[in-house]
Amino acid sequence: MSATTPVPAPTAAYRITPARVLRSEWHKLWTVRSTWITLVTSAAFLLGVGILMGATYTSDGGDSDVDTVVLSLYGSQLGGVCLAVLGILVTAGEYATGMIRASMTAVPRRLPVLGAKAAVFTAVVFAVSFVTALITFLTAQIFFSGTDQAASLTDDGVLAAIAGNATGVTLLGVIALGLGAALRSVPGAVGAFIGGVMVLPEILGMLPYEAVETAVRYFPTQAAGALGSADPMPGAATPGAALFALLLWAAASLAVPALLLKRRDV
């Protein structure tokens, strides 16, 4: 009887570590054109709409009662869609190309791949969104100078609202990333995000029921809007409650594909 040859343990040079999985996902994110296209498009929408709102604004007009941060960053609604598409491409895009099989073969435990994708995406999108929102607000204030929308970063709630806007947009993108990982289809995830996250709350909000109206306040897009306002919005959730709701939505969107990764093949 021949002796069984022991399988050598992996050396440190080839051991899978969280830092190496993160670095792999970082390189994958930045080496595809869709990342640059969606990030630049998102920034262009936010800055372009902010300049448009400032250049066309007149005191005591139809927008005079709108929060100055909300008015300056109105383009975040369009930019957020671009970032949501990026989140979907980060996960569902790998299923479309078949690269997900290589990723899961390299990291057999699977869940670290999903976690690394979400972490890298969150860090990049928040940084880009915050810097772009800050630049957009300051640029819009050039046009708002001398009007009733004039404000500065030192005013109460302004900087927090800018950070809240970036946080809301980022967490919406994380929800889209989770949808992409769960559905494993780019068109399907885009449709689910637009229909379920953006359109459905607007339809539910038309129903004449107080309980439904209260619940809609904590849906993702409505909660994100509450985070990006310097002044309390009537009928909206408080910033703390809105942030908590968004974090729960994002966690749930990642929990579903995490469970599916353990239960079915890639």
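The model is predicted, with pLDDT of at least 70 needed for local features and 80 or more for side-chain atom pairs, while totals for chains, interfaces and linings use all residues. Residues are numbered from 1 along each chain as its sequence is written, and side-chain values use heavy atoms, leaving out hydrogens and water.

Thr 38 belongs to helix α2 (residues 33-55), helices being DSSP runs of H or I with at least four residues, numbered from the N terminus. Apart from neighbours within four places in sequence, Thr 38 is in contact with Cys 82 and Leu 86 (heavy atoms within 4.5 Å).

## Helix α11 against α7

Helix α7 (residues 158-183) and α11 cross at roughly 20°, their axes coming within 8 Å; axes are lines fitted to C-alpha atoms, for helices over the stretch in contact, and angles run from 0 to 180 degrees between N-to-C directions.

## Helix α11 against α6

Helix α6 (residues 111-144) packs with α11 (residues 239-263) at an angle of about 155°, the axes lying 9 Å apart, and α6 and α11 are therefore roughly antiparallel to each other. Leu 111, Leu 114 and Ala 118 of α6 meet residues of α11 including Leu 254 and Lys 262.

Definitions and conventions:
Helix = DSSP H or I, 4+ residues; strand = E, 2+ residues; numbered from the N terminus. Parallel < 35°, antiparallel > 145°, perpendicular 65-115°, else oblique.
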